[in-house]
Amino acid sequence: MRDFHQPFVDPLSTSNEANHILCEELKTEHEQEVKVFDYANRAQWLRAAVLGANDGLLSTASLMMGVGAVQKGAKIMILTGVAGLIAGAFSMAIGEFVSVYSQYDIELAQMKRDGKESEKEKLPNPFHASMASGLTFAMGSMVPLLGAAFIEGYKARIVVVVAVVSIALLVFGGIGAVLGKAPMIKSSLRVLTGGWLAMCVTFGLTKLVGHIGV
């Protein structure tokens, strides 16, 4: 016998509620998939951009410091930086293009074997990675160049280059930490320490080679 004290439950209403909940869950899953896809599609060129900027900053600054160890003139130091910017930007862009295109070919071939060729839009774009790497390398290289461009005194120029590069290294280290969800302070200090080491070693070894007259 039915208990009249129990509330009446409409089966149709319950079914509608269940369908509504299911639709909301499917919608949430779809939104999450879109977010994952967007991140995966951007991850390659973001990585290339951060790497390019950091390399441009550090390699150009180290070149300028190395030349500055044996040549005190501002002109030769700046010309060295400009040459490093141009050569490095093209090298980074071409290297990133070749690397990412190789990855693209390998993953596309695997998709064809698995019958998932329709998903190839998820693969990294070699052109995006190449442009991001080359442009950000040039942008990173501009930091030490601008730091040295308006300083006449030799010692003051060296100090300014080291100072502006150190600040930029901290910034790039922080950006990399945010993108990689890593501890910001530890990442920034690691990048800064590596940058100081590279500049000091380049300066010291070039000074040594210039001193012994090789």
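Below are legends for close-up views of a predicted model.

Residue numbers start at 1 along each chain as its sequence is written. In this predicted model, local features need pLDDT of at least 70, side-chain atom pairs count only at pLDDT 80 or more, and totals for chains, interfaces and linings use all residues, while side-chain values use heavy atoms, with hydrogens and water left out.

**View 1. Helix H2 from end to end.** H2 covers residues 74–114, 41 residues in total. Helices here are DSSP runs (H or I, at least four residues), numbered from the N terminus. From first C-alpha to last, H2 reaches 59 Å, close to the expected 60 Å; that expected span is 1.5 Å times one less than the number of residues. After H2 comes Gly115, with a positive phi near 70°.

View 2. Val82, Ile86, Phe90, Ile94 and Val98 make up a patch of about 470 Å². To join a patch like this, residues need over 30% relative accessible area and no salt bridge, and nonpolar side chains (Val, Leu, Ile, Met, Phe, Trp, Tyr) are linked within 5 Å. A salt bridge means a side-chain nitrogen of Lys or Arg within 4 Å of a carboxyl oxygen of Asp or Glu. Areas come from the Shrake-Rupley method with a 1.4 Å probe, and for residues only the protein chains shown count as cover. Val82 sits in H2 and counts as partly exposed because its relative accessibility is 35%; buried means under 20%, exposed over 50%, and partly exposed in between.

**View 3. Ser130 and its contacts.** Ser130 belongs to helix H3 (residues 126–149) and is buried, at 13% relative accessibility. Leaving out neighbours within four places in sequence, Ser130 contacts Ala93, Ile94, Glu96 and Phe97, contact being heavy atoms within 4.5 Å.

View 4. Ser166, in helix H4 (residues 154–180), is buried at 10%. Not counting residues up to four places away, Ser166 touches Leu192 and Trp196. Cys200, in helix H5 (residues 184–212), is exposed at 54%.

**View 5. Inside the largest nonpolar core.** Val161 and Val165 touch the most other members of this 16-residue core, a set of buried Ala, Val, Leu, Ile, Met, Phe, Trp, Tyr and Cys residues joined through side-chain atoms within 4.5 Å. H4 gives the largest share, 6 residues. Beyond four places in sequence, Val161 touches Met65, Met77, Pro144 and Ala148.

Note on methods:
Helices (H or I, at least four residues) and strands (E, at least two) are DSSP runs, numbered from the N terminus. Patches are made of residues with over 30% relative accessible area and no salt bridge: like charges are joined within 9 Å, nonpolar side chains (Val, Leu, Ile, Met, Phe, Trp, Tyr) within 5 Å. Buried means under 20% relative accessible area, exposed over 50%, partly exposed in between (1.4 Å probe, protein chains only).
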